[in-house]
Amino acid sequence: MRILLLASLVPALAAALSTSNSFHEALTLHPLPDGKLSVLFEFTTYFASASTGSSLRQSHHYLTPPSLLLPLEHNNISELTVSFVAGQWDQRRSGEAGPLHYESGGGGGEVRGWLRSNGDKAESDRAWTAVTHALGGLFCAGLGPSDEGDIVRSFGDIYPPHRGSPSNLTHYLLPHPFLHLCTENLTPFLSLLPSKGLSGLSSLLAQPGTVFSWGFKSEGIEVIMPDETSPGRWRGWWEGVVDLVPERGGSRAFSLERIFGRGIPRPFPEAETSVLRLMVSEGMSMEPEAPKREGKWIDGRYREVAEWDLLEPGMQGRDVRFWWDGERDFVHPRTLRPPSISVLRTVTAPHASDGTFTIRFSNAGSESRRAVYSEVWPWWVKGWISEISLRVDGSDESRDDLLDSMSYHPSTPPTPSTTSLHLFLTLPAQSTLVVSIPFTKLTLKYTEHRPDAERGVEIPSGILNLLDTIGEPESVSSDVPLGVENARQTARRRIYTNRLLLDVPTPDFSMPYNVIIMSSTVMAVFFGLMQGALTRKWGWVELPKGEGRGKQGEDEPKAGVSVVEGGAQLAGSSS
Amino acid sequence: MLISLRAALLAAVALLAPFVVGQELPPQLTQQVADLFAGNGSVSSGATVAGIGATGGRHTNNWAVLVCASRYWFNYRHMANTLAMYRTIKRLGIPDSNIILMLADDVACNARNAFPATVYANAGRQMDLYGDGIEVDYRGYEVTVESFLRLLTGRHPDHLPPSKRLLTDASSNVFIYMTGHGGNEFLKFQDNEEVSAFDIADAIEQMWEKRSVRADVGIGVCFGTVCVGTVCVGAVCVALPALPVLPALPALPALPLLPALLDVAPVSMRGVASPDSYPHRPTPSVPLSHFAFRTPLAALMLYPHNADVPSRFNKLLYVVDTCQANTMFSKFYSPNIISTGSSSLGENSYSHHHDLDIGVAVIDSFTHYILEYLETLGKSSKATLKDFFNTYDPARIQSHPGISTELSHTPRRRFSSPTSSAEWPPPSQNVLAASQGSRAAVPFSEFVHPTS
């Protein structure tokens, strides 16, 4: 009986394993009101635990990249996100609070994740350092901490885990605001995908010359490791913003061929789904017509989404064209509808040593919102926390009542460390809250300056974490009209500010050397003169006549003025 | 390969043990096992394979370190130099995993680059050097004098990924190419530090030195045909399960398996073992059987075992393109190095030409003419370094390239590379000048071809 049970279990297990591994890909096109188009590639793989139940240590990888998952598995990672962002997302021009992919981080590079911990902090730290360095090697970018103090640990509430309880997990965040994005980061990204950039939607992405000419770019991966009950998921995304309006003006009409130089690619045979989505904007037409059009709540707005199944036979090689009916020349709109919440951070610095962060939170909605605003600063940015002031734009009245509470984790200068600051705010309806945080820049050590003098140092993006979002409902009653807004019906919980370049006055390190060399020279000349004057005596020296003749042709000093050391020894020859 | 050979042999011995108890082993096997335990590792399975310890002159793999030490957009040509070299050696067969590419800045995705994600080394922009697939191992702020010297000497923190390590051994031929702004005996890195010719010379000497990293000790007891014991590798001790071994073999020391394991362990750990330990002069390896005591029933062994990490290169080709470049290799004192540079003391190295659309100079003169020659080579080329050096034309390069082969004094031996069969140095070839010519006849393939 037992044998029978086992025998029936084995194929069931095998079937479960094969069905739990699946690959999905999607390309989403989102026309923005300012004549640009946001293009988002998403590649999602669901996978069961790669290690088999056998006593021997082994793992099987079918659609998943071992080079990515093995270091994560080895270092007890539960969830991990790596994000690179190049360029700036313009919240006001795009009318969206951030890029289409909600997990895109702030400016530059960023690694964050949850580690399964057994309470041993040193062991968790070691594992985190190891995994970030391993991924840094994988992605051709320095993702690991240059010092242990760079790791930020107070962001667990901002990035809650998808799985498990935070009590036996430890959250780590490692911002690298100076990192950028280039072909060497795209190459490893493509090699992690099962389709490797050869077929399916990834072949559209495998054109560095095309995709890196776009304005805003974001690349990243999000991995949720499998546990006993549920399969794992890893998702890679690549997003860029393309300018649709031709240089000399004209219509925004575009097609896949115009953007990527080729039509719908050969399908990747292992892909379970492969879809092209368009978030339809007003007055848009398309050819071929989408077989499926439906309304969806996306980022606080009820929008129409057209969808093509690229695995349909006959789709390969076809082009999909889009245009706006009757549009001859695109006229840039005079007013753009702002996103319901937008954040703008600037720095004003009257002196080289001091400055003030000014963060403007604009709430265009009709209800006040609750949120946490978080900042991470390097140790040499010393914020004057007691001097934080709040006011609503348009009045000088202090509105400290809008700051509910604050959580402050100071750094420990001058050792490499980070300050993190979380402000619990109320964002009043239809107004702009302005928060000012004065700060002082501490003196950096000689070796801590960037090797490109006078450029300044980037500091990470600020993060506004909305506390009252209710997600994007899947099933919607059919009588919701398109374009309806409800700012809270979004799955976007975090809105990032831009990263900031802080001026750090770089001392001219040659100056101390100049001073040292100059004073040494003065000392040497002075000492030499004095020494000479005190110990030397000038006079005539008579050379014996025989010596000069014997060595003709050589540069022997002949009789003449010469210096006589210790006058007393040659007293006889002096005159 | 060798490890698996040994493992296979061990397994065979372990399996055979119960059947051959009390019998004489075939002399060939006895010899193999004896050789194995004697530490010279030459397993005679048909063809003689030189052992790990005797690989000093063997050439089995090629590595390349390509360094662009300067940043900023107007130094586009230095990035282009390095990437052109990268592309060429990749074409000639060195895989990406064996190339350590250091680029101090990113011109491909620089906002001033009118052709995003591309780097060109010629005015017509015929060939994109950045291409579709590129792996930059150290980039931007990571390119420092410290990281470069650590890369050469192999002293890294444990967590550094393998892609950033130069995992060479005594049978590696290493090609080092450096470009940037330099002067008399220095090369500037980024915008704030320099590496001096002495630093590089010392780092290369450290690469050449054989290192002895740790003593591994095994303690075991044998009862008849079964042994139990402990093997310690560094600070980690592993208990060995009971292993059947060959008893009563007069030619063998007491416990065959333990020393064999000891011998294998450090080899398999090369590159993973903590290389932080400071390298020092080699200590003579104590024969494995030295401390073996035998009693009829039990054997107790103490095996102090020096894990010799062999030198980190077999031969080294150093190419540098910067102002006064020949001073950069003037301080080398380690053997088996051939160096060449773009300009002599007091001379500048000039850029070759610029592209009007890119707006900056795209390649340096010396690198341009080097590549012009290398691009004529194929994977099976028999060309030698002599042929290569003979293409130098100071009038075209606008500076006087230097060649130094005086450090390449080594005993005459034949190459075992499958792609070449040149004798080095050749018996009677006078190449460039009497002082340096004959040793320049190293086949170029030695540095850029994949072998075995």
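Trp377(A) is buried, with a relative accessible area of 1%; buried here means under 20% relative accessible area, exposed over 50%, and partly exposed in between (1.4 Å probe, protein chains only). The model is a predicted one, so local features need pLDDT of at least 70 and side-chain atom pairs count only at pLDDT 80 or more, while totals for chains, interfaces and linings use all residues. Residues are numbered from 1 along each chain as its sequence is written, chains are lettered from A and ligands numbered from 1 in the order in which they are written, and side-chain values use heavy atoms, with hydrogens and water left out.

The ring partner of Trp377(A) is Phe357(A): the centres sit 5.5 Å apart and the planes are at 15°, so the pair is stacked. Rings of Phe, Tyr and Trp (its six-membered ring) pair if their centres lie within 6.5 Å; planes under 30 degrees apart count as stacked, over 60 as edge-to-face and the rest as tilted. Phe357(A) lies in strand β15 (residues 354–363) and Trp377(A) in strand β16 (residues 369–378) of chain A, so the pair ties together parts 20 residues apart in sequence.

Over all chains, the whole structure holds 30 aromatic pairs. One of them joins Phe23(A) and Phe43(A), stacked at 6.4 Å centre to centre with 10° between the planes. Phe23(A) belongs to strand β1 (residues 22–31) and Phe43(A) to strand β2 (residues 36–47) of chain A, 20 residues apart. Both Phe23(A) and Phe43(A) are buried. They also share one aromatic cluster whose members include Phe41(A), Phe189(A), Trp214(A) and Trp238(A).

Now for chain A overall. Its 10 helices and 27 strands are DSSP runs numbered from the N terminus (helices H or I, at least four residues; strands E, at least two). Of its 575 residues, 50% count as buried. Taking contact as heavy atoms within 4.5 Å, residues 24 or more positions apart account for 74% of the chain A contacts with a separation of 6 or more.

Two helices of chain A, α2 (residues 66–74) and α4 (residues 121–138), pack at an angle of about 170°, with their axes 9 Å apart. The axes are lines fitted to C-alpha atoms, for helices over the stretch in contact, and angles run from 0 to 180 degrees between N-to-C directions. α2(A) and α4(A) are therefore roughly antiparallel, the label for angles over 145 degrees. Ser67(A), Leu68(A), Pro71(A) and Leu72(A) of α2(A) meet Val131(A), Ala134(A), Leu135(A) and Leu138(A) of α4(A). By class, that makes 7 nonpolar, 1 polar and no charged residues.

Most residues other than glycine have a negative phi, and most peptide bonds are trans. Another cis bond links Pro413(A) and Pro414(A), with omega about 5°. Cys140(A) has a positive phi, near 55°, and at 5% relative accessibility counts as buried. In chain B, Arg125(B) has a positive phi near 55° as well, but Arg125(B) is partly exposed, with a relative accessible area of 24%.

Notes: Angles under 35 degrees count as roughly parallel, over 145 as roughly antiparallel, 65 to 115 as roughly perpendicular and the rest as oblique. Ala, Val, Leu, Ile, Met, Phe, Trp, Tyr, Cys and Pro count as nonpolar, Asp, Glu, Lys and Arg as charged, and the others, Gly among them, as polar.
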